[in-house]
Amino acid sequence: IVHARRHPSPLISLPMFKTRTFSVGIGGNIASRLGTGCVPFLMPLMLQVGFGYSAIIAGCMMAPTAIGSILAKSTVTQLLRWLGYRRLLVGITAIIGILIASFSLQSPAESIIVLLLPLFILGMAMSTQFTAMNTITLADLDDDNASGGNSVLAVTQQLAISFGVAVSAAVLRFYQEFETSTISQFHATFLTMGVITVFSGLTFMLLKNGDGRNLITNRDRKKKS
C-alpha cells in the first residue's frame with residue numbers, strides 16, 4: 001500500500017479495489033478457501049491416522065474430487081444463466097460447507113466406497129465455485145487494471161489455500177485437548193471447517209443480482225457470431 005501510494009505506476013494499483021466485484025471476489029476467495037483448502041490436507045490424514053488406510057489408498061481417495069472438478073467445468077455457464085453469480089456463489093458455498101461437515105459422520109466401519117460419492121460431488125461444487133468466483137473477480141476491471149487484478153487473484157488463491165491448511169491444523173490441534181479419540185478429533189475439525197465455509201458464503205451477499213451478467217451476455221454473443 002505504501003509503495004502503491006508513492007509510485008506513479010505501481011504493479012498493483014489501489015484504485016482497482018474500489019471496483020466492488022473485484023473486492024468482493026478477493027474477499028470471497030480468502031474466506032471460502034479457508035474451508036475448501038483443508039480437504040486435501042485433512043481427508044488423507046484422517047484416512048491414514050484415523051481409519052488406518054495405507055498412504056497410497058488415502059491419496060487415491062482424492063481422485064473422485066479431481067474427476068468431479070473436471071466434469072463440472074462444462075455446466076458452470078448454464079448454472080450462471082439460471083441463477084446468476086450472487087445466488088450461485090452463496091448457494092454453492094453453503095453446499096460445500098455442508099459436504100465438508102458431512103465428513104464428520106464417516107467412520108472406519110463404513111465401506112470406502114461410501115466416501116467416493118461425497119468427494120466427487122465436493123469436487124464438482126468446488127470447481128463451480130472457483131470458476132464463478134474467479135470470473136466475477138475480474139469481470140469489471142478495465143484494461144489498465146486487468147493485469148494487476150489477475151496477479152492479486154493468483155497470489156490470493158495460493159495464500160488462502162495455505163491459510164486453510166494452517167487454520168484446519170490449528171483447529172485439529174485445539175480439539176486434541178478435548179477429544180480423546182483421534183477419529184473424534186477429525187470429526188470435530190471437519191464440522192468446524194464446514195461451519196466456517198457456510199458462513200464464508202455471506203461474503204458473496206455483497207454482490208448484486210445483476211453482477212456478472214455482462215460476462216454471460218458476451219459469451220452468448222460470441223457463440224452466435
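Colleague: What counts as a polar contact here?
Modeller: A polar contact is a pair of N or O atoms within 3.5 Å; within protein, one must be able to donate a hydrogen and the other to accept it, and residues adjacent in sequence count only if both atoms are side-chain atoms. This is a predicted model: local features need pLDDT of at least 70, side-chain atom pairs count only at pLDDT 80 or more, and totals for chains, interfaces and linings use all residues. Residues are numbered from 1 along each chain as its sequence is written, and side-chain values use heavy atoms, with hydrogens and water left out.

Colleague: OK, so where is aspartate 142 found?
Modeller: Aspartate 142 sits in the loop that links helix 7 (113-138) to helix 8 (143-175). Helices are DSSP runs (H or I, at least four residues), numbered from the N terminus.

Colleague: What does the side chain of aspartate 142 reach at 3.0 Å?
Modeller: That would be the backbone nitrogen of asparagine 145. A polar atom of the aspartate 142 side chain also lies 3.2 Å from the backbone nitrogen of aspartate 144.

Colleague: Is aspartate 142 buried, partly exposed or exposed?
Modeller: Aspartate 142 has 42% relative accessibility, so it counts as partly exposed. Buried is under 20% relative accessible area, exposed is over 50%, and partly exposed is in between (1.4 Å probe, protein chains only).

Colleague: Let's switch to aspartate 211. Which loop is that one in?
Modeller: Aspartate 211 is in the loop between helix 9 and helix 10 (213-224). At 10% relative accessibility, aspartate 211 counts as buried.

Colleague: What does the side chain of aspartate 211 make a polar contact with?
Modeller: With the side chain of arginine 20, at 2.6 Å. The aspartate 211 side chain also reaches the backbone nitrogen of lysine 208, at 2.7 Å.

Colleague: Which residues is aspartate 211 in contact with, leaving aside neighbours within four places in sequence?
Modeller: Arg20, Thr21, Tyr85 and Ile136. Contact means heavy atoms within 4.5 Å.

Colleague: On to the helices. At what angle do helix 6 and helix 9 pack?
Modeller: Helix 6 (residues 76-102) packs on helix 9 at about 175°, and their axes are 7 Å apart. That makes helix 6 roughly antiparallel to helix 9. Helix 6 brings Thr93, Ala94, Ile96, Gly97, Ile98, Ile100 and Ala101 to the contact, and helix 9 brings Phe190, Leu191, Met193, Gly194, Thr197, Val198 and Ser200.

Colleague: What are the cut-offs for those angle words?
Modeller: Under 35 degrees is roughly parallel, over 145 roughly antiparallel, 65 to 115 roughly perpendicular and the rest oblique. The axes are lines fitted to C-alpha atoms over the stretch in contact, and angles run from 0 to 180 degrees between N-to-C directions.

Colleague: How do helix 2 and helix 9 pack?
Modeller: Helix 2 (residues 20-36) and helix 9 (residues 182-200) are at about 160°, with axes 8 Å apart, and are therefore roughly antiparallel. On the helix 2 side the contact is made by Ala31, Ser32, Leu34, Gly35 and Thr36, and on the helix 9 side by Met193, Thr197 and Ser200.

Colleague: And what about helix 6 with helix 7?
Modeller: Their angle is about 130° and their axes are 8 Å apart, so helix 6 and helix 7 are oblique to each other. Among the residues that meet are Tyr85, Leu88 and Ile92 from helix 6 and Ala125, Thr128 and Gln129 from helix 7.

Colleague: Where does isoleucine 92 lie, then?
Modeller: In helix 6, and at 11% relative accessibility isoleucine 92 counts as buried. Leaving aside neighbours within four places in sequence, isoleucine 92 touches Ala125, Thr128 and Gln129. The C-alpha atoms of isoleucine 92 and glutamine 129 are 6.3 Å apart, although 37 residues separate them along the chain.

Colleague: Last one: which residues are buried in helix 3?
Modeller: In helix 3 (residues 39-50), Val39, Leu42, Met43, Pro44, Met46, Leu47 and Gly50 are buried. These buried residues pack against helix 2, helix 4 (55-60), helix 6, helix 7, helix 8 and helix 9. Glycine 52 follows helix 3 and has a positive phi, near 85°.

How values were computed: Helix = DSSP H or I, 4+ residues; strand = E, 2+ residues; numbered from the N terminus.
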